Amino acid sequence: MKYQQQITINKPRKEVVAKYSDPDNLKHWQRGFIFMKPINGNLGDEGSQNLLKYNMGNREIEMTETIIKNNLPDEYSATYEAKGVYNYQVNRFSPTLEAETLWITDNEFKFSGFMKLFGWFMPGAFKKQSRKYMEDFKAFVEDGKSVNDN
């Protein structure tokens with residue numbers, strides 16, 4: 001499954017990318033985020049890996065992030081692997097004439113095992129989750145709103 005999403009953030013690219021690239025900010029815009037721990041290489045370097053842990057509903061999910069390309073402020077791409085789910089994501093940040101930032105994500109998901117059924121019957125759930133992260137990030141950057149303030 002492949003899809004693209006985009007959102008305009010009403011802040012300059014430099015500020016947007018600074019907040020996006022700071023792992024301490026994940027808790028403010030990724031609902032359910034518990035922690036991130038480097039497991040291989042230097043944080044942010046291409047080829048480095050991080051363990052990410054999330055609370056999704058009534059279960060915890062661990063995934064491994066592998067950084068494929070870190071050419072910020074232009075592009076950040078990585079793979080995310082969890083049990084039964086593989087996600088390749090490319091994030092691009094483009095400045096606009098109005099001193100805003102256009103954030104475009106390209107996502108490719110591959111499923112195995114039980115998750116193959118979930119991906120087949122509920123592809124909208126993954127698109128909806130991606131969109132929610134983008135909207136929450138926009139609110140965090142523009143207004144300082146954290147998902148933890150609820």
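Biologist: As what does glutamate 15 count by relative accessibility?

Modeller: A residue is called buried under 20% relative accessible area, exposed over 50% and partly exposed in between, with a 1.4 Å probe and protein chains only. Glutamate 15 counts as partly exposed because its relative accessibility is 30%. Please note that this is a predicted model, in which local features need pLDDT of at least 70 and side-chain atom pairs count only at pLDDT 80 or more, while totals for chains, interfaces and linings use all residues. Residues are numbered from 1 along each chain as its sequence is written, and side-chain values use heavy atoms, with hydrogens and water left out.

Biologist: Which residue meets glutamate 15 in a salt bridge?

Modeller: A salt bridge is a side-chain nitrogen of Lys or Arg within 4 Å of a carboxyl oxygen of Asp or Glu. The structure holds 11 of them. Glutamate 15 is paired with lysine 19, at 4.0 Å from N to O. Helices (H or I, at least four residues) and strands (E, at least two) are DSSP runs, numbered from the N terminus. Both partners belong to helix H1 (residues 13–20) and are four residues apart, about one turn of the helix. Lysine 19 is partly exposed, at 24% relative accessible area.

Biologist: Which residue meets aspartate 136 in a salt bridge?

Modeller: The partner is arginine 31, at 2.8 Å from N to O. This pair links distant parts of the chain, 105 residues apart: aspartate 136 is in helix H4 (residues 123–143), and arginine 31 is in the loop between helix H2 (26–29) and strand E2 (33–40). Aspartate 136 is buried, at 7%, whereas arginine 31 is partly exposed, at 32%. A network of salt bridges links Arg31, Lys132 and Asp136.

Biologist: Which residue meets lysine 69 in a salt bridge?

Modeller: Lysine 69 meets glutamate 75, at 3.8 Å from N to O. Lysine 69 counts as partly exposed because its relative accessibility is 34%; glutamate 75, at 17%, counts as buried.

Biologist: What is the volume of the largest pocket?

Modeller: Rolling a probe the size of a water molecule over the atoms shows where empty space is left. On a 1 Å grid over the protein atoms alone, a pocket is an open set of points where a 1.4 Å probe fits, with protein on both sides within 12 Å along at least five of seven lines; lining residues have an atom within 4 Å of a point. Points are joined across faces, edges and corners, and the volume is the space filled by probe spheres set on them. Here the largest pocket has a volume of about 1200 Å³. It is lined by 46 residues, of which Tyr54, Met56, Met63, Tyr80 and Tyr133 are the closest to its centre. E4 gives the most to this lining, with eight residues.

Biologist: With which residues is asparagine 107 in contact, leaving aside its neighbours within four places in sequence?

Modeller: Contact means heavy atoms within 4.5 Å. With those neighbours left aside, asparagine 107 touches Met1, Lys2, Tyr3, Asn87, Tyr88, Gln89 and Ser130. Asparagine 107 lies in strand E7 and counts as buried because its relative accessibility is 3%.

Biologist: Where is the place of threonine 96?

Modeller: Threonine 96 is in the loop between strand E6 (85–95) and strand E7 (101–111). Leaving aside neighbours within four places in sequence, threonine 96 is in contact with Thr101 and Leu102.
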